[in-house]
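Here is a friendly briefing to read with the model open in your viewer. Take a look at the structure first, then work through the topics below.

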Number of protein chains: 2
Amino acid sequence: MMPRVAMSWRMRIPWRRRSSSRALNTLNDDAHRSRQIILSPPLVSLDIPDDWAPSPHSLHFDFPVNCSHERTAAIIDGKSIADQIRSNIGSEVRRMKESIGMVPGLGVIMVGQRKDSETYVRNKMMACEEVGMKSYIAQLPDHCTKDQLLKALSKFDVDPSVHGILVQLPLPQHLDEREIMDVLSPEKDVDGFHPINMGNLAMRGREPLFIPCTPKGCIELLLRSGVGIVGKKAAVIGRSNIVGLPASLLLQRHHATVSIVHAFTKNPEHITSGADIVVTAAGVPNLVRGNWLKPGAVVIDVGTNPVEDPSCERGYRLIGDVCYEEAVRVVSAITPVPGGVGPMTIAMLLSNTLDSARRAYAFT
Amino acid sequence: MMPRVAMSWRMRIPWRRRSSSRALNTLNDDAHRSRQIILSPPLVSLDIPDDWAPSPHSLHFDFPVNCSHERTAAIIDGKSIADQIRSNIGSEVRRMKESIGMVPGLGVIMVGQRKDSETYVRNKMMACEEVGMKSYIAQLPDHCTKDQLLKALSKFDVDPSVHGILVQLPLPQHLDEREIMDVLSPEKDVDGFHPINMGNLAMRGREPLFIPCTPKGCIELLLRSGVGIVGKKAAVIGRSNIVGLPASLLLQRHHATVSIVHAFTKNPEHITSGADIVVTAAGVPNLVRGNWLKPGAVVIDVGTNPVEDPSCERGYRLIGDVCYEEAVRVVSAITPVPGGVGPMTIAMLLSNTLDSARRAYAFT
């Protein structure tokens with residue numbers, strides 16, 4: 001049975017941005033800018049947020065799709081792949097300990113007491129322990145100052161037993177995430193969010209020290225499932241710094257032909273339905289319908305959206321950006337939610353931390 | 001009349017990479033990598049170069065195109081737009097001099113005596129003079145050492161009268177361009193090639209200090225020609241660090257839906273023919289035929305390819321990546337080659353240098 005939120009989405013897509021007046025303003029901004037190039041910074045006014053929202057219009061598709069009544073897709077088991085990677089990392093950590101007497105260390109900075117952040121941090125630290133890595137936490141109060149946060153960061157930065165530093169996001173509003181991330185040493189940026197690591201990921205002939213964990217996990221899922229990427233058409237839905245952007249850059253490094261779909265894209269289904277590989281990270285439940293997908297495509301669903309479900313103990317359950325029930329009848333392989341991309345994120349964090357320790361100790 | 005090289009391309013496209021075995025090797029690399037994730041750096045093996053080469057196959061298009069016999073496209077006059085920008089920059093430099101007694105300064109590092117590089121450098125320095133900026137040149141011999149080059153760079157870096165530093169590329173083979181660019185101060189990186197500037201261009205909510213000149217010029221041509229970018233489908237052909245990559249990132253910042261076409265793309269014409277805006281930077285003469293373009297599209301042709309032409313004094317003339325004679329009958333607007341994007345590159349270099357001086361002197 002489709003969950004409640006999903007049903008309401010079914011009625012309302014195609015989604016659009018909540019207000020079209022903002023787009024018009026942007027067009028005016030463009031014209032204004034063109035007269036003013038040497039007087040104003042060029043991009044500020046264009047950094048308007050993606051605002052994925054449904055429109056009241058009904059659903060129209062002008063292209064058919066081969067949709068069988070049977071589930072035909074292979075399910076990409078992220079949990080089992082992540083378990084295998086974690087087990088390999090555990091072996092490597094043991095080998096490092098036996099060879100040089102050192103283990104990788106992860107420093108986590110946590111500001112405030114958000115329940116979800118606490119859960120994420122606890123899971124990351126437990127995962128470290130499980131593979132034999134050390135983890136350290138700097139827990140700061142919600143009202144901490146920028147200087148207190150920078151001091152905690154600097155302490156991890158100079159500590160040779162800490163090879164990766166992770167600032168749990170989001171930070172409280174009074175702290176500027178960019179400012180904090182900019183002072184994080186790129187050599188310990190195991191989240192891969194420092195602009196110099198992102199720039200080196202984007203540029204040909206260069207190598208970032210770290211690749212952001214979730215998109216790195218997406219590519220691993222494809223490769224370990226035997227999906228070739230070279231020469232394939234890929235659509236990435238969403239363009240966040242954390243997933244969409246680095247996923248598109250990674251797919252391109254693997255020589256896919258990448259199209260990036262976002263909230264301003266008209267007829268996104270025309271692009272996704274031509275793609276051999278679809279990576280969705282929009283954060284909109286059931287955004288991608290069966291009709292959006294090419295028969296035989298491979299779908300990596302990064303969305304993790306809570307929807308009400310009284311039959312679950314917690315009162316809600318998690319669903320992806322892709323309407324799973326429809327997609328499994330169209331595509332050749334798909335990640336489930338939960339149990340697809342999710343478990344890979346922590347596995348890749350451990351992999352990045354291990355890589356960092358290897359570099360620090362020149363351990364091969 | 002079509003030039004000679006153009007005719008031979010006409011017979012031979014669709015182009016393909018010179019060897020398909022390399023793609024197969026890459027697929028094997030993928031599989032190998034998937035078994036080895038924690039043992040090998042993740043991206044090295046995939047950084048194979050784009051190798052745009054024709055295949056012996058004949059030309060097949062399975063879609064029609066409305067191609068009139070008349071030229072209907074507006075010609076985007078890059079030279080006149082660039083002249084206007086340079087004139088505005090000249091006024092600003094005068095205003096700066098009158099207000100604070102300072103002018104922007106550009107430091108150029110030139111290694112060796114490549115004829116083309118000498119011409120480019122001369123043109124850039126003349127352009128500086130014309131708008132009242134100062135320019136300085138560090139001319140190093142072809143066999144100079146890395147240390148000599150770094151010393152010249154460092155001299156400009158600490159000189160407060162130099163606001164922009166430009167290392168004329170390509171460097172001789174014994175010098176590693178990446179290593180040199182990495183030590184260039186991002187605050188004086190007027191070419192916008194430093195990875196931290198590229199990362200900040202890629203990431204939402206961030207601002208690079210400088211945007212690479214040629215793609216910045218492409219966007220200016222679009223905006224100043226009244227072409228809206230928001231919500232448009234854009235295809236970028238080529239993914240070089242200098243043009244294709246930053247052009248795709250810039251178009252995306254302007255909320256276009258961007259697809260990146262490269263030498264591994266199958267049926268690139270299927271992507272380009274759906275695009276409202278096509279930016280080509282492949283370096284392949286007449287790669288983009290009339291059939292590749294959507295009627296009414298806007299084409300920005302960054303290609304500057306010399307082709308034999310005995311009727312020209314120099315024995316050759318420059319043509320773009322787009323088959324101009326065909327395109328002007330299909331699209332609504334197009335840049336000519338020469339006289340389109342070319343003149344914008346130097347104008348944007350002056351604009352970046354002026355911006356840098358403004359920042360240095362807090363001059364608004």
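The notes that follow go through sheets, helices, loops and side-chain contacts.

This is a predicted model, where local features need pLDDT of at least 70, side-chain atom pairs count only at pLDDT 80 or more, and totals for chains, interfaces and linings use all residues. Residues are numbered from 1 along each chain as its sequence is written, chains are lettered from A and ligands numbered from 1 in the order in which they are written, and side-chain values use heavy atoms, with hydrogens and water left out.

**Sheet in chain A**

- Chain A has an open sheet of 3 strands in the order β5-β4-β6, with parallel pairing; helices (H or I, at least four residues) and strands (E, at least two) are DSSP runs numbered from the N terminus, and two strands pair if DSSP finds at least two bridges between them.
- The edges of this sheet are β5 (134-140) and β6 (164-167) of chain A, each of which pairs on one side only.
- On average, neighbouring strands here are turned by 15 degrees against each other, direction ignored; axes are lines fitted to C-alpha atoms, for helices over the stretch in contact, and angles run from 0 to 180 degrees between N-to-C directions.
- Strand β4 (residues 105-111) of chain A runs parallel to β5(A) and is joined to it by 7 bridges.
- Within β5(A), K134(A) is the residue opposite G105(A).
- Helix α4 (residues 115-130) of chain A lies across β4, β5 and β6 of chain A and runs at about 170 degrees to β4(A).

**Sheet in chain B**

- In chain B, 3 strands in the order β5-β4-β6 make an open sheet with parallel pairing.
- Its edge strands are β5 (134-140) and β6 (164-167) of chain B, and each pairs on one side only.

**Helix packing in chain A**

- Helices α7 (residues 195-202) and α9 (residues 244-253) of chain A pack at an angle of about 30 degrees, and their axes are 9 Å apart.
- From α7(A), the contact (heavy atoms within 4.5 Å) uses M198(A), N200(A), L201(A) and A202(A), while α9(A) brings L245(A), P246(A), L249(A), L250(A) and R253(A).
- These contact residues divide into 7 nonpolar, 1 polar and 1 charged; Ala, Val, Leu, Ile, Met, Phe, Trp, Tyr, Cys and Pro count as nonpolar, Asp, Glu, Lys and Arg as charged, and the others, Gly among them, as polar.

**Loops and backbone**

- The peptide bond from V337(A) to P338(A) is cis, with omega near -5 degrees, and P338(A) is in the loop between β13 (333-334) and α12 (342-361) of chain A.
- In chain B, the bond from V337(B) to P338(B) is cis as well, with omega near -5 degrees, and P338(B) is found in the loop between β13 (333-334) and α12 (342-361) of chain B.
- H255(A) is not a glycine, yet has a positive phi of about 70 degrees; H255(A) is in the loop between α9 and β8 (257-261) of chain A.

**Side-chain contacts**

- N241(B), in the loop between β7 (233-237) and α9 (244-253) of chain B, reaches the backbone nitrogen of R204(A) with its side chain at 2.7 Å.
- Leaving out residues up to four places away in sequence, N241(B) touches M203(A), R204(A), M198(B) and P246(B).
- R314(A) lies over the face of Y316(A), 4.7 Å from the ring centre; a charge sits over a ring if NZ of Lys or CZ of Arg is within 6 Å of the ring centre and within 35 degrees of the ring normal.
- In chain B, the charged end of R314(B) sits over the ring of Y316(B), 4.8 Å from its centre.

Definitions and conventions:
Polar contact = N/O pair within 3.5 Å; in protein donor to acceptor, adjacent residues only side chain to side chain.
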